[in-house]
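I opened this notebook to record what I looked up in one structure.

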Amino acid sequence: MKKTKLRLLLLLLFIGGLIILPQKAKAAEIIPVNISVKYGQTEARTIFDMINEMRTNPDDAWCWDAYDNEKIPCPNLEELKYDYDLERVAMKRAAEIALSYEHERPMGGKVWDVYNEENIKWLAAGENISVGHTTAAEANLGWREDDKTYAGQGHRRNMLSSDYNCVGIGHVYYNGVHYWVEVFANRPEINTTEIPANDSTETVSVSVDKKKIKKVDVTFDQDSYSLRIGENITPIITETRIDVVNFSSQGRGLAPVLDTPVVSIDDSSVASYNNNQLSGLKEGTTNLRATLYGMTASGSTVSVHDCKNHWGTGKVTKKPTCTEPGEKTFTCSICKSTKKESVPCNWT
């Protein structure tokens, strides 16, 4: 009996241990979202001189104290160097904030992770981001925050910080909106080797945590499709957009993406969808669906009919005579297609 009780106690302890074992956190599902952006590095680089002019002008190099009682001068600031490694980071971040406008990256994590991805060594780092300004001068003026209190001068303090010795600047135009990024750093080795400015339109893959994608919106060329049994048509996707957490559209709708949705039909007995063609199989109604990143968008209605069930009473289009048959035309009440039937001579 004692051995039985001991075994039972050990079994209970073992089961209890299983209950309290920590579970591994579920890894984030990262989606490569492809978008088209236009870089504007020629203009972005003009902000570099604006920063250094601010840093070296005693009338500009100041910030409010924490109580907004006194303007604290920032004397003897050295000019920053332009770092082309940091520019690469800024360009990458500009594409990222075009989808999710915040200092956390769309895939999760902070901006500093980009430095490690790009194998960039740094001792201190900071970031300024901006959206909506159409020119470099406007973006710079916004970051200067001349008319802000201490609480609103975070960008200004980055621009006037003695902790940094270099900067890189990025700019993209996406969905009709301009996005700007400044990345500051203290680096033991600064890459000052100039490269040609990138002002091209490119497809960029932005890694996004699926949990941050709130909605997928796929638009077909028609809200509804009507076809006969045996008829084939080719639906066209005119637009594919997504809604991402912290997407700043400036009133221009959801974020357009280049990824191709998977199209399917709800009831494959009513209609089929293969090789981009929609085919009517039997009379009924179903829906055409589009799925992207494992998320289903609202689709278009598909109505299939059999004309033989919808012919009207017909209209005599040629009267019969005693020697020649006449003709009667029938019209489908749904698709307006017609058929003709002969009317015998003795038809009345």
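The entries below follow that order.

**Basis.** I worked from a predicted model, in which local features need pLDDT of at least 70, side-chain atom pairs count only at pLDDT 80 or more, and totals for chains, interfaces and linings use all residues. Residues are numbered from 1 along each chain as its sequence is written, and side-chain values use heavy atoms, with hydrogens and water left out.

**Cores.** I looked for nonpolar cores, that is, sets of buried Ala, Val, Leu, Ile, Met, Phe, Trp, Tyr and Cys residues joined through side-chain atoms within 4.5 Å. For burial I used relative accessible area: buried is under 20%, exposed over 50%, and partly exposed in between (1.4 Å probe, protein chains only). The largest nonpolar core holds 57 residues, and Val33 and Ile242 have the most contacts inside it. Helix α4 (residues 84-99) supplies the largest share of this core, 9 residues; helices (H or I, at least four residues) and strands (E, at least two) are DSSP runs, numbered from the N terminus. Because domain 1 (30-209) and domain 2 (213-308) both give residues to this core, it lies between them; the domain bounds come from an automatic or database domain assignment. Another core, of 22 residues, lies apart from it and includes Cys63 and Trp180.

I then listed contacts (heavy atoms within 4.5 Å). Beyond its neighbours within four places in sequence, Val33 touches, among others, Leu99, Val206, Ile242 and Tyr293.

**Thr240.** I found Thr240 in strand β12 (residues 237-244), buried at a relative accessible area of 9%. With neighbours within four places in sequence set aside, its contacts include Asp217, Ala255, Val257 and Leu292. Thr240 and Glu117 are 29 Å apart, C-alpha to C-alpha, and 123 residues apart in sequence.

**Cysteines.** How many disulfides are there? With a disulfide taken as a pair of cysteine sulfur atoms within 2.5 Å, I counted 0 disulfides. For Cys74, the closest cysteine sulfur is that of Cys63 at 4.4 Å, too far for a bond. For Cys307, the closest is in Cys335 at 3.6 Å, again too far for a bond. Cys74 is buried at 16%, and Cys307 is buried at 9%.

**Backbone.** Asn76 is not a glycine, yet has a positive phi of about 55 degrees. Asn76 sits in the loop between β3 (71-73) and β4 (81-82) and is exposed at 78%. Asn246, also not a glycine, has a positive phi of about 70 degrees. Asn246 lies in the loop between β12 and β13 (255-256) and is partly exposed at 39%.
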